[in-house]
Amino acid sequence: MGKTVIEKILQSHSEGRTEPGKIVWVDLDVRSARDFGGPNVVKNFQREYGDAPVADKEKTFFTFDLSVPACTRKYAENQQICRKFARKQGIKVFDVDKGIGSHILMEEGLASPGKTVVGTDSHLNILGAVNCFSQGMGDVDITFAFKSGKIWFEVPETMKVQLEGQIRWPATAKDLTLCILKHMGTQKAALKAVEFYGEAVENLSLAGRITLCSMETEMAGITGFIPRGKRLSSEERKEFPRLSFSPLHAERGAHYSDECTIDVHNLNPQVAVPFSPTRVQSVSELKNIHVDSGFIGSCTNGRVEDFKAAAQVLKGRKVKPGIMLKLVPATRRVYERLLQEGILEILFESGAIVSNPGCGGCAEGHIGLTGSGEVQISTGNRNFAGKQGRGEIYLASPAVVAASCVKGRIASPEDV
Amino acid sequence: MEKSMISGRIWVLTNNRGELIEDIDTDQIYHNAHLHITEISEMGQYALGNLKGWEDFSQKAQPGDILIGGRNFGAGSSRQQAVDCFLSLRLAAVIAPSFGAIYFRNAVNSALPVFKCPDLKEYVEKGKMESGDRIEVNYRTGEGTVVNKRFDFFVEPMSDVQEGILRAGGLFNYEKTLNTT
Ligand code: SF4
C-alpha cells in the first residue's frame with residue numbers, strides 16, 4: 001500500500017514501518033522555542049541535564065516573535081533567559097527584529113519539503129505549506145527534543161479533501177480557507193493530516209498556501225499539505241531566498257481515512273464572526289456591521305501578497321477618520337520587500353499604522369489590544385473571546401479588512 | 001510476564017444517569033484556581049474537584065486505583081497539572097475510549113499509564129464495569145479482565161515507545177537512558 005505525504009515523511013525519519021496509529025520516534029531536522037515556552041524549556045533543561053550540550057546546536061533555534069521588542073517585564077526577562085542559554089550553548093537566536101518564527105524557518109530554508117520540525121508554537125503546523133512535517137508541542141517535549149533531537153509521535157490518519165472550482169478576485173486564499181473551515185468545523189479533520197487537492201489550492205501562491213495551512217490548527221487537525229502546490233515564482237524566490245521548494249507527492253495507492261469534496265465555484269468574500277473561526281458567513285450578509293479597527297498581519301496573512309491586496313484596495317483612498325488600521329508584516333524580509341516595491345508608501349498614505357514585524361495584533365504583543373465593545377476586523381486566525389482584548393473580532397481577508405476600514409463597516413473590495 | 005500487568009480497583013466516571021461522562025476537560029480535572037501549586041504531592045486533593053458529582057474523588061481514591069473515563073478525556077488546555085494530580089494520588093492508570101491529544105502526550109511523558117479502549121462505553125452500559133470492580137490489564141497484549149465478574153475485554157496495547165518512557169519513569173529520565181545503553 002502506498003503512503004500519504006505525512007507517512008512518507010515520518011517513514012524517512014524513523015525506524016520500522018510507519019502506519020497510522022503507530023507511535024514512532026521521529027528524528028528532527030529542526031527544534032525551536034520562542035519567547036513563550038522557551039524560558040520553560042531552558043528551566044527544564046538546566047534542571048534535568050545541567051550544563052550538558054543540546055543534541056545538535058545547528059538544528060536548534062530560538063525565535064522571538066510574540067512580544068518584540070519586549071513590552072512587558074515578564075517577556076523582557078524571559079527573552080533574556082533564552083538569550084543567556086543560547087549564548088552558552090552556541091544556539092542561534094532569531095531575535096526581536098526578525099519576525100514570526102515559523103515564517104523565518106521557511107525563509108531561511110530550515111523548513112522545506114520532507115523535513116521534520118517541532119517548536120513551542122501551536123500554529124507551527126503551518127509549515128505544511130512547504131510540505132514539511134511540523135508540530136507545536138509543550139515545553140516538556142521541546143526540552144526533550146533539544147536534548148535528544150527526537151520526539152515520539154503517533155502517525156495520524158490522512159484525510160483527502162478535493163476542491164471543485166477555481167477562485168477569483170475579490171475572493172482570495174483567506175476566503176477559500178474560511179470556506180473550508182465552515183465545511184470542516186472542528187470535528188472532521190480532528191487529529192488527522194489533511195491533503196488538499198484541486199485547482200483552487202494547487203494554483204495558490206506560497207503565501208496563499210501558508211494562509212490555508214495556518215488554519216489547520218483551527219480545524220483541530222494535525223497538519224495540512226498541498227501535495228501538488230506549484231513551484232516558486234521568481235518573485236517568491238526573492239521573498240523566500242533560501243527555500244528550495246519542490247512538491248512532495250503522496251504515493252500511488254495511498255490510503256485515506258476519509259475523503260470529501262468542497263465546491264468553491266463562485267466563492268465570494270467570507271467572514272468568520274465572533275467567537276469561532278468556523279462560524280463563517282458571506283460578506284454580503286454582514287454589511288451593516290460597523291467596525292472600529294482593522295488588523296492585517298499574523299502568520300496567516302502577513303506576506304507581501306497580503307499587503308499588496310490591501311494596497312490594491314487602499315491606493316488613492318483613506319482609512320475612514322476615527323478608524324484605526326494596524327499593519328504588521330510577518331517578517332523583516334516582508335517589510336523590506338514592501339519598502340522596495342513602494343507598497344509601504346501606499347499603505348502609509350492611506351492612514352494605516354505600520355509596525356515592525358512579529359505576532360503583534362494576533363498575540364498580546366507590541367501593537368496593542370481591543371477594548372470592550374470595540375469591533376475589529378482582522379486577518380488573524382482566531383477570534384475567540386478575549387484573545388485580542390475585550391473586543392469582538394471578525395476574521396477576513398486583507399482585501400476585505402482594507403475595504404471595511406475605508407467604509408467604516410464590513411465591506412467587500414468591490415464596495416469601495 | 002508479571003511486569004506487564006496493571007491491576008487495581010476501578011472508578012467509572014459516570015453521571016447521575018449512569019453514563020460515562022464524555023469530554024471531561026482539564027479544568028474539570030484540575031481547576032485553574034489551583035494552578036499556583038507547584039508541589040505534585042499537594043495536587044492530588046484537587047483531582048476532579050471541579051467535575052460534577054465527583055468533587056470528593058480525592059478522599060475516596062486509594063493508591064493503585066484505576067480511572068475509567070469517557071471519550072475525549074482531558075480535552076482542553078495543555079495543563080500538566082491535570083496529569084500530575086493523578087500521579088499525586090498514585091493512581092495506576094487511566095482508561096478511556098479516546099483522549100485529548102495534548103493530554104495523552106502529557107500523560108505518556110509523565111509515566112502515567114493511559115490506555116485507549118474503544119468499546120468502553122458499551123462495557124459500562126451493559127454493567128460489565130462498575131466502580132469498585134477489580135480489573136487486570138496486560139499492557140503488552142491489551143488483554144483485560146474484570147476479575148470479580150470474569151469478564152474479558154481489550155484495550156489498545158501500549159506501544160514500545162510508551163512502555164519505554166513508562167519504565168524509565170518519564171520522558172526526561174528516558175532521555176538519560178538513551179546514551180547509556
Ligand atoms: S501570529 Fe498569532 S497564531 Fe501566528 S504564530 Fe504568532 S501568535 Fe501564533
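Q: Which helices of chain A each supply at least two residues of the lining of the second largest pocket?
A: In this predicted model, they are α6 (173-184) and α10 (304-314) of chain A. Helices here are DSSP runs of H or I with at least four residues, strands are E runs of at least two, and both are numbered from the N terminus. A pocket is an open set of points on a 1 Å grid over the protein atoms alone, where a 1.4 Å probe fits, with protein on both sides within 12 Å along at least five of seven lines; lining residues have an atom within 4 Å of a point.

Q: Which helix gives the largest share of that lining?
A: That's α10(A), with 5 residues.

Q: OK, how much space lies in the second largest pocket?
A: About 360 Å³, counted as the space filled by probe spheres set on grid points joined across faces, edges and corners. There are 19 lining residues, and the closest to the centre are A:A171, A:T172, A:A173, A:L204 and A:E305.

Q: How are residues and chains labelled, by the way?
A: Residues count from 1 along each chain as its sequence is written, while chains are lettered from A and ligands numbered from 1 in the order written. Local features need pLDDT of at least 70 and side-chain atom pairs 80 or more, whereas totals for chains, interfaces and linings use all residues, and side-chain values use heavy atoms, leaving out hydrogens and water.

Q: Zooming out, how many helices and strands does chain A have?
A: Chain A has 13 helices and 18 strands. Its C-alpha atoms fill a box of roughly 55 × 50 × 40 Å along the principal axes. Of its 416 residues, 63% are buried (under 20% relative accessible area; exposed is over 50%, partly exposed in between, with a 1.4 Å probe and protein chains only).

Q: Switching to chain B, how many residues of helix α4 are buried?
A: In α4 (residues 101-109), 7 of 9 are, so this helix is mostly covered. Among them are B:Y103, B:F104 and B:R105. Just after α4(B), B:A111 has a positive phi of about 65°.

Q: Where else is phi positive in a residue other than glycine?
A: B:D23 is one of the places, with phi near 55°, in the loop between β1 (5-12) and α1 (26-29) of chain B. A:N131 also has a positive phi, of about 55°, and sits in the loop between β5 (116-119) and β6 (133-136) of chain A.

Q: Are those two buried or partly exposed?
A: A:N131 is buried at 0% relative accessibility, whereas B:D23 is partly exposed at 35%.

Q: Which peptide bonds are cis?
A: One of them runs from A:V68 to A:P69, with omega near -15°; A:P69 is in the loop between β3 (60-63) and α3 (73-89) of chain A. Another goes from A:W169 to A:P170, with omega near 10°, and A:P170 lies in the loop between β8 (158-164) and α6 of chain A.

Q: Last one: how many disulfides are there over all chains?
A: The search finds 0, a disulfide being a pair of cysteine sulfur atoms within 2.5 Å.
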